[in-house]
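Please look through the sequence and the structure shown here before reading on. The report below is written for someone meeting this chain for the first time.

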Amino acid sequence: MTKSLLLDTNNQNILAAAKQVLTYNTTSEGIIIPAQGLYPHQVLWDSCFIAIGLSNYNLKLAQKQILTLLKAQWLNGMIPNIVFSPGLRYWLDRHIWRSRIAPQSNPNFATGGITQPPMLAEAVVRIGNKLTTSKRKQWYRSVYPALLAYHEWLYIERDPKNRGLVTLIHPWETGLDNTPPLIATLRHQHEPRWINLVTRLKLDKLADHIRFDAKYVDYRQRNSTIEALSLYAALRRLRKQKYNTQRILEKPPFAIEDLTYNCILIRANELLSEIAKTINETLPPLIKNRIIRAESSLDQLWDNDQSEYFSRNFTWDSFIREPSIAALLPLYSGAVSPLRALELVKSITSFENKGVNFPVPSVPPDSSWFKPMGYWQGPTWINMNWLIIDGLKRYGFNRQAELLTRKTLDLVGNNGFYEYFNPLNGNPAGIANFSWSAALAIDLIMNTKATEL
Ligand code: GLC
């Protein structure tokens, strides 16, 4: 049967509802926040996914999301993970980060003090593809210097061993806040004594009910109180060092060569090169060199013993052999051989035999970490599916990409635009009306052609 997703009335309903979610989450300044209440500020990779969705129907608004992120760029080139919105929660949230203590911060904006996955180049190109040639060049010229400075900063500050892989200094930088490799690393590398005390006295059980996020979401669907405290403790260590990478890396609370992040960066470098070419710019040798080395750099994260990709601990130089969806992200990077890509595709399809009806789970169901409704420890996330679908298409696995697209749209079509979903039965979890779930559903619908299903 030939069925066009675009002509499917059900998908038209999803499309209309998704656009409503984005409108609902738009601030008076025209910024689309991740979700009302729980996430009231602009967040780096969320904004990129949102811009990708918007690029299908409102280019101006899509451009605005990117330009406001770039305006908040730090003096050293870093694009911060959060740009704070004025308002009720402004003071408290800003105070947790205190970005202005860093001499390299942007004096005009209160921001977070770390970064997040570099989806910017992807968003910039998705917007560019929808513009006329002259408008595209104009758009690329307006963002290229900031984008380039960001990529350069990543390699200058975060690749001190010159391995072609950047190092992250906090789990929040990966975007997958509490996936097993990150929590395992925090536990091994740094666990302040007071956290052990809280665990021993079970004080976290008291805090469970008064947590700020429990106002919006059942706390059992979020990271645990102990995990939240460890994440906060690690942030305090960074703040103490005024977010100075060099000083932090001397004795880091957390430092890993993260698989997800580096896969996204490898792809982003390719896109940056496309941008540069369009406007007749030459990439500096630092970035060119990283592009040439992309495949061999990523290969360092392939564990021959387990035939799997893992993140690597920067301090101890060892693989973090804990399960997570990151293992599939090399598909999105485009820097793996077709044979390896095939191996990764096989592992996605193997989930079907493990009771997974709505792939792709953030942690495999046969892992001891697996919690079907537990934040980044099991649920299916729309942005991860979007990245995997993109990778599948690039390697020519079109049938698998279409199937995953359908399953992904079923999740939002059946439930609405929740933050994540139970991979076994598709039940919704996390916050409702979550912007990237809506934005990426729009993108999937608008970019899926008539298909043989
Ligand atoms: C959660 C996610 C993170 C996201 C943020 C805002 O912390 O783990 O990836 O950017 O929410 O939506």
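Predicted model: local features only at pLDDT ≥ 70, side-chain atom pairs only at ≥ 80, totals over all residues.

## Domains and the contact between two of them

The domain assignment divides the chain into domain 1 (3-75 + 117-168 + 252-452), domain 2 (80-114) and domain 3 (190-251). The C-alpha centres of domain 1 and domain 3 are 26 Å apart, and the contact between these two domains involves 21 residues of domain 1 and 19 residues of domain 3.

The size of an interface is often given as the accessible area lost when the parts come together. Between domain 1 and domain 3 the buried area is about 1500 Å², with 63% of this area coming from carbon and sulfur atoms. On the side of domain 1, L38, P252 and P253 supply 39% of the area buried against domain 3, which is more than any other three residues give. The number of salt bridges between domain 1 and domain 3 is 0.

Helix α5, which covers residues 120-128, is mostly covered, since 9 of its 9 residues are buried.

R126 forms a salt bridge with D390, in which the closest N and O atoms are 2.9 Å apart. This pair links distant parts of the chain, as D390 lies in helix α18 (residues 382-394) and R126 in helix α5, 264 residues apart. D390 has a relative accessible area of 13% and is therefore buried, the cut-off being under 20%. A network of salt bridges links E122, R126, R267, D390 and R394.

## Other salt bridges

The count of salt bridges comes to 18. One of them joins D159 and R290, with the closest N and O atoms 2.9 Å apart. Because D159 lies in the loop between α6 (133-158) and α7, while R290 lies in helix α14 (residues 285-292), the pair ties together parts that are 131 residues apart in sequence. D159 counts as buried at 5% relative accessibility, and R290 counts as buried at 8%.

R222 and D213 form a further salt bridge, for which the distance between the closest N and O atoms is 2.9 Å. R222 is buried, with a relative accessible area of 11%, and D213 counts as buried at 7% relative accessibility.

Leaving aside residues up to four places away in sequence, D177 touches P171, W172, L182, I183, L231, Y375 and W376. Of these contacts, W376 is 199 residues from D177 in sequence, although the two C-alpha atoms are 6.9 Å apart in space.

N262, in helix α13 (residues 259-278), counts as buried at 1% relative accessibility. With residues up to four places away in sequence again left out, N262 touches G164, L165, V166 and E257.

W91, L92, I96 and Y232 make a nonpolar surface patch of about 380 Å². Helix α4 (residues 90-97) gives the most to this patch, with 3 residues. Y232 lies in helix α11 (residues 225-240), and at 30% relative accessibility Y232 counts as partly exposed.

Technical notes: Residues numbered from 1 in each chain as written. Heavy atoms only, no water. Patch = residues over 30% accessible without salt bridge, like charges linked within 9 Å, V, L, I, M, F, W, Y side chains within 5 Å. Areas by Shrake-Rupley, 256 points an atom, 1.4 Å probe, with all protein chains shown as cover. Salt bridge = Lys/Arg side-chain N within 4 Å of Asp/Glu carboxyl O. Helix = DSSP H or I, 4+ residues; strand = E, 2+ residues; numbered from the N terminus. Buried < 20%, exposed > 50% of the residue type's maximum accessible area, 1.4 Å probe, protein only. Domains from an automatic or database assignment. Contact = heavy atoms within 4.5 Å. Buried area = accessible area lost by both parts, 1.4 Å probe.
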